[in-house]
Amino acid sequence: MMRSTRKLLRCNNKLHNNLHNNLHNLRTQSRVKLSMSNPAKFMSTHSNTDDTPPDANSITEFSTAMKGEGFYNENSSFQKKMQERVIEAIAKAATSIPIPNNRPLNIADLGCSQGRNSMDPMRTIINTIRARDNQIPISILHNDLPSNDFTSLFSEVGASKDSYLEGQDNVFYTGLGRSYYQQLVPSSSLDVVVALVTLHWMPSIPNLGSEAWNAHHPKLSDEQKQELDAVQQDFLNQFLMARAEECASGSKLVLTMVSRDERKDAFWGLLEAQDVAFQRLLSEGVITKDHINKLNLTFYMRTIDQVQKLLDTSEIQEKFVVDELIEDFVLNPSQLLQDENQRVDANIQSMAAVVEPAMLQPFEGEALRAAVVDELWGECRKAMLEDKDIHFSGNQIKIVLTRK
């Protein structure tokens, strides 16, 4: 973004702030709370301002859908690589589940995004089931937020030559735009649940103030860290209790999430670069602390110990058998590109596909958003060119459960 544009933005900052605050107030007044008594409604479920305990009736609107118009499909090879690590577990799950009598076999694909990365997991389940029973109807529910790019999803499933429907009969699919932190389907109706590379997104997060814009920021207080730890456990428990209600006895769940360890390598350098960008924009008057206060991204990278702690609780143990809990590091395939500029650009596109829509939500107007995007990805590019150990890669936790 040219410096002259930034000067113009600074000159109009007061006017912009008034407009932004008015729009924010209107949005706050019009937020719609989730109602468990009305499951037919499609609701967005992510909030960056709600600091109440995780309860379905207190979740408010804040979309963290992936970058639309097929952008995520074209720039999610890292997520696909993560999914490849669990394909064997998915096949094993489909081998061991009971085949239902007098109803279709039902699969839920939670956090499906735009669908391209759903093809291999769904195809694996279908082929495994067909080897056991070539007649039973198979029904697949693709679920994500209402703001998800469902047009791209339906195009991938219904029209792509790589669709899991190719060569298959008696396979049906549908899409549902609702939060997976609540019950989505009738009780005891699901046989396989996959939620891949998605559970690091929480439905809401306590307000982190005007400096710490993400849940892993170095300026978080000990009190904030403790509150986040409690919130993440409550939300993961809420997710699992909703699945416990939906899943038939003997059904399987294969779940993954981006995680963190104590090394803080690779991805952490990009978070630091983004913080440098935000601080520069603040110092130049392009954005304000009020913008940062309203950002508060809802992603939270758990440790494997935090997940283990929840799985060991009596409430979870009563509902599920824990078959696997594994963490490993996954390298972004973009890191294997020989051309340095291509490698860096591919990493940036991969990251933008995931976080850009959420990061831009507090910023109103094309000019301001362009300035933020320019600074964020420019600083990330600089960091990756200077240090090859910084890239959009990370750890993944895999959980495999059986419903008792």
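## Helix 9 and helix 14

Helix 9 passes helix 14 in a right-handed crossing, meaning that the near helix is turned clockwise from the far one by less than a right angle. Helices here are DSSP runs of H or I with at least four residues, and strands are runs of E with at least two, numbered from the N terminus. The model is predicted: local features need pLDDT of at least 70 and side-chain atom pairs count only at pLDDT 80 or more, while totals for chains, interfaces and linings use all residues. Residues are numbered from 1 along each chain as its sequence is written, and side-chain values use heavy atoms, with hydrogens and water left out.

The axes of helix 9 (residues 267-283) and helix 14 (residues 366-386) cross at roughly 135° and come within 8 Å. Axes are lines fitted to C-alpha atoms, for helices over the stretch in contact, and angles run from 0 to 180 degrees between N-to-C directions. Helix 9 is therefore oblique to helix 14; angles under 35 degrees count as roughly parallel, over 145 as roughly antiparallel, 65 to 115 as roughly perpendicular and the rest as oblique.

## Helix 8 and helix 11

Helix 8 (residues 222-246) packs against helix 11 (residues 304-311) at about 50°, with the axes 10 Å apart. That angle makes helix 8 oblique to helix 11. The contact includes Asp-229, Gln-233 and Leu-236 of helix 8, and Val-307, Lys-309 and Leu-310 of helix 11. The crossing of helix 8 and helix 11 is right-handed.

Seven strands form an open, mixed sheet in the order 3-2-1-4-5-7-6. Strand 3 (171-177) and strand 6 (320-330) are at the edges with a single partner strand each, so one side of each has no neighbour in the sheet. Pairing requires at least two DSSP bridges between two strands. Neighbouring strands are turned by 15° against each other on average, direction ignored.

Strand 1 (residues 105-110) pairs with strand 4 (residues 190-195) in the parallel sense over four bridges, and Ile-107 stands opposite Val-192 in strand 4. Helix 6 (residues 119-132) packs on the sheet and touches strands 1, 2, 3 and 4, its direction making about 165° with that of strand 2. Helix 7 (residues 150-159) also packs on the sheet, touching strand 2 and strand 3, at about 175° to the direction of strand 3.

## His-291

His-291 is in helix 10 (residues 289-295). A polar atom of the His-291 side chain lies 3.0 Å from the backbone nitrogen of Thr-288.

How values were computed: Polar contact = N/O pair within 3.5 Å; in protein donor to acceptor, adjacent residues only side chain to side chain. Contact = heavy atoms within 4.5 Å.
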